[in-house]
Amino acid sequence: MWEQAAINTFLDTRQQALSLFASKGYSNVGMRELASALGIKCGSIYNHIESKEALLYELFEELLGLLQTKAMQIQRNAEAPKRLRKIIEMHLNLQDRMPCHFQLLEREWRHLSEPWLSHADAHRARYEQIIAAAVGASACSQACTQSIVTLLNQAPAWLPALRLTVSARLDLVYAMVELILAQAYSDSTGQRTDGATIRAS
């Protein structure tokens with residue numbers, strides 16, 4: 001019973017912090033306000049969390065770990081030509097389910113310092129490696145992969161305004177990714193091509 005209560009308290013703490021950081025901005029949330037949101041006294045807050053920055057990292061880790069896990073499942077189970085599209089679909093679906101996490105990922109990354117920054121960078125790099133594998137190493141450099149991830153992470157800033165169906169939204173983002181790949185292929189080979197000719201291996 002007490003174990004479940006501890007788990008519930010832990011999850012509630014993260015959810016309260018997530019909502020507060022997303023609505024006000026990480027740097028605008030002081031320890032007193034955070035303690036108030038968590039329903040604890042400011043003087044005892046460090047009995048509940050290691051630090052505000054550690055809490056921010058845990059939220060990043062939660063999202064990046066989930067992206068990595070789901071992408072690995074796709075890598076194992078999906079046919080090679082379909083992996084990239086399925087990873088993009090998964091990423092967009094998670095943005096619908098976890099908008100505050102993605103908002104923090106885009107806006108608050110700069111607030112991480114060591115050792116949290118190295119840990120978060122490692123999570124992000126592993127996700128980018130899975131995307132690169134889905135594309136095919138010969139067609140996608142590290143910079144190209146990072147461009148794809150940046151496009152996906154920034155999609156919530158402009159995609160909802162288009163009022164597309166889920167299917168049309170996926171088609172649009174996938175077409176944009178194919179353009180990134182086509183440009184990368186052209187830059188690396190000196191040959192012009194269209195996005196449709198670049199397929200995952």
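**View 1. The largest nonpolar core.** Among the 55 residues of the largest nonpolar core, those touching the most other members are Leu 34, Leu 84, Ile 87 and Ile 88. Such a core is a set of buried Ala, Val, Leu, Ile, Met, Phe, Trp, Tyr and Cys residues joined through side-chain atoms within 4.5 Å; buried means under 20% relative accessible area, exposed over 50% (1.4 Å probe, protein chains only). H3 gives the most to this core, namely 11 residues. Domain 1 (1-49) and domain 2 (52-191) both contribute residues, so the core lies between them; the domain bounds come from an automatic or database assignment. The model is predicted: local features need pLDDT of at least 70 and side-chain atom pairs pLDDT 80 or more, whereas totals for chains, interfaces and linings use all residues. Residues are numbered from 1 along each chain as its sequence is written, and side-chain values use heavy atoms, without hydrogens and water.

**View 2. Helix H2 (residues 31-38).** Helices are DSSP runs (H or I, at least four residues), numbered from the N terminus. Leu 34, Ala 35 and Leu 38 of H2 are buried. These residues lie on the same side of H2 because they cover an arc of only 100° around the axis, taken from the directions from the helix axis to the C-beta atoms. Just after H2, Gly 39 has a positive phi of about 75°.

**View 3. Surroundings of Ile 88.** Beyond its neighbours within four places in sequence, Ile 88 is in contact (heavy atoms within 4.5 Å) with Leu 152, Leu 170, Val 173, Tyr 174 and Val 177.

Definitions and conventions: Helix = DSSP H or I, 4+ residues; strand = E, 2+ residues; numbered from the N terminus.
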